Amino acid sequence: MTNLRLIDTGGTIGMVPSEQGLVPGEGVVEAYLRANLPEGVTLDVVTFDPLIDSANIMPSDWNRLADLVEAYDGPVLITHGTDTLGYTAAALSQVIAPERSVVLCAAMQPLGQKADAEDSLRVAMGHLVTGAAGVTVAVNGAILAGAGVTKTDSHAPQAFISVPQAAARVGDQGKRFREDVDIGVLTLAPGLSAKALAAQLGCFDAVVLRIYGAGTFPERADLVQAVADATARGMPIRVVSQCLTGGLAPGLYAAGAQFWQSGCTSGGTETVELALVRLSLDLAH
């Protein structure tokens with residue numbers, strides 16, 4: 001007998017039509033699963049009230065999900081919207097013990113449309129029944145490693161990839177996220193002024209800074225100084241590449257040598273989602 005917990009947060013997978021467009025439908029996912037449970041599987045259900053579009057996910061929801069997972073002695077299936085799926089998967093992959101079996105399941109089309117929802121739930125259930133360890137994501141009938149999941153298409157069924165990541169940091173398991181901080185995601189672009197960069201850096205408690213390629217940065221003293229001033233006053237700045245894969249190699253190019261002396265931290269191959277999650281954990285602890 002396998003005892004499995006469903007945590008239904010909302011999202012497209014269980015949505016129904018309304019006059020304003022698709023909205024989360026109460027009990028839709030639960031009803032489908034109960035009618036299609038594998039033999040020997042029992043279902044414990046926790047439903048967010050109200051169900052939410054994943055555009056409304058907050059760090060407080062990550063904390064709630066982590067609590068619900070840790071309070072249950074068994075595998076856990078979380079249904080979730082697609083828009084912030086990568087952030088939630090990255091968050092849980094860092095704080096949930098690696099031996100736990102957790103699958104986040106999402107779909108680009110709701111149940112009943114003969115699209116991707118049914119297949120993703122089938123694959124998710126099959127994965128959980130095996131007791132496979134780790135935080136993973138079930139989308140478009142495939143299982144992806146949760147830490148590096150990112151959305152790459154706004155409509156296609158194959159909307160996600162998972163960028164390989166290093167193991168979760170020692171000591172982050174069991175932690176929770178601070179809910180009262182502002183973490184920004186800033187993107188370097190040609191012609192960005194030091195005044196504009198400094199103004200943006202001044203708005204946040206911490207920043208994920210997306211720079212070019214393998215780690216290049218404009219050879220402009222005023223831009224570098226804006227970053228150095230921010231780190232000097234204690235702002236954590238975690239740097240990632242604007243490229244989806246490949247990551248950073250600080251020092252590879254001369255264009256960026258001064259920047260890498262400004263006090264920033266390299267995120268290596270981290271996705272934006274994982275970099276933000278790790279900043280959030282650092283600020284909380």
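**Figure 1. L281 lies in helix α7.** The model is predicted: local features require pLDDT of at least 70 and side-chain atom pairs pLDDT 80 or more, while totals for chains, interfaces and linings take in all residues. Numbering starts from 1 along each chain as its sequence is written, and side-chain values rest on heavy atoms, with hydrogens and water left out. Helices (H or I, at least four residues) and strands (E, at least two) are DSSP runs, numbered from the N terminus. L281 has a relative accessible area of 1% and is therefore buried (buried is under 20%, exposed over 50%, partly exposed in between, with a 1.4 Å probe and protein chains only). Beyond four places in sequence, L281 contacts Q94, V95, R169, D172, K175, R176 and F177 (contact: heavy atoms within 4.5 Å). K175 is 106 residues from L281 in sequence, yet the C-alpha atoms are 7.4 Å apart.

**Figure 2. The largest nonpolar core has 45 residues.** Such a core is a set of buried Ala, Val, Leu, Ile, Met, Phe, Trp, Tyr and Cys residues joined through side-chain atoms within 4.5 Å. I7, I78, L92, I96, L104 and F160 touch the most other members. β4 (41-52), α2, β5 (76-79), α3, β6 (101-105), β7, β12 (206-211) and α7 each give this core at least two residues. The largest share, 7 residues, is that of α7. Another core lies apart, with 22 residues, among them L188, L197, V227 and I237.

**Figure 3. I7 and the residues it touches.** Residues up to four places away in sequence are not counted. V46, F48, L65, L68 and V69 are among the residues that I7 touches. V76, L77, I78 and T79 are also in its list.

**Figure 4. α3 and β7 are mostly covered.** In α3, 10 of 11 residues are buried. They are L85, G86, T88, A89, A90, A91, L92, S93, Q94 and V95. In β7, 6 of 6 residues are buried. G134, T136 and A138 point one way from the strand, and V135, V137 and V139 the other way. β6 runs parallel to β7, joined by 5 bridges (two strands pair if DSSP finds at least two bridges between them). L104 stands opposite V137 of β7.

**Figure 5. Four strands form an open sheet with parallel pairing.** The order of the 4 strands is β11-β12-β13-β14. β11 (183-187) and β14 (265-266) are the edges, each pairing on one side only. β11 and β12 run parallel and share 5 bridges. I183 has A206 of β12 as its bridge partner.

**Figure 6. The largest pocket holds about 280 Å³ of space.** On a 1 Å grid over the protein atoms alone, a pocket is an open set of points with protein on both sides within 12 Å along at least five of seven lines, whereas a cavity is a set where a 1.4 Å probe fits but cannot get out; lining residues have an atom within 4 Å of a point. Points are joined across faces, edges and corners, and a volume is the space filled by probe spheres set on them. This pocket has 16 lining residues, and M58, P59, W62, I183 and L276 are the closest to its centre. α2 (59-70) and α7 (272-284) each supply at least two lining residues. The lining has 9 nonpolar, 3 polar and 4 charged residues (nonpolar: Ala, Val, Leu, Ile, Met, Phe, Trp, Tyr, Cys and Pro; charged: Asp, Glu, Lys and Arg; polar: the others, Gly among them).

**Figure 7. The second largest pocket holds about 210 Å³.** Of its 13 lining residues, S93, P98, G134, V135 and A168 lie nearest the centre. α3 (85-95) and β7 (134-139) each contribute at least two. The lining has 8 nonpolar and 5 polar residues, and no charged ones.

**Figure 8. The structure holds 1 cavity of 30 Å³ or more.** The largest cavity has about 30 Å³ of space. A214, G215, T216, A249, P250, G251, L252, Y253, A255, G256 and W260 line it. By class, 7 are nonpolar and 4 polar; none is charged.

**Figure 9. Backbone details at P50, K114 and N140.** Most residues other than glycine have a negative phi, and most peptide bonds are trans. D49 and P50 are joined by a cis peptide bond, with omega about 5°; P50 is in strand β4. K114, not a glycine, has a positive phi of about 55°. K114 belongs to the loop between β6 and α4 (117-129) and is exposed, at 84% relative accessible area. N140 has a positive phi near 50°. N140 lies in the loop between β7 and β8 (142-145) and is partly exposed, at 30%.
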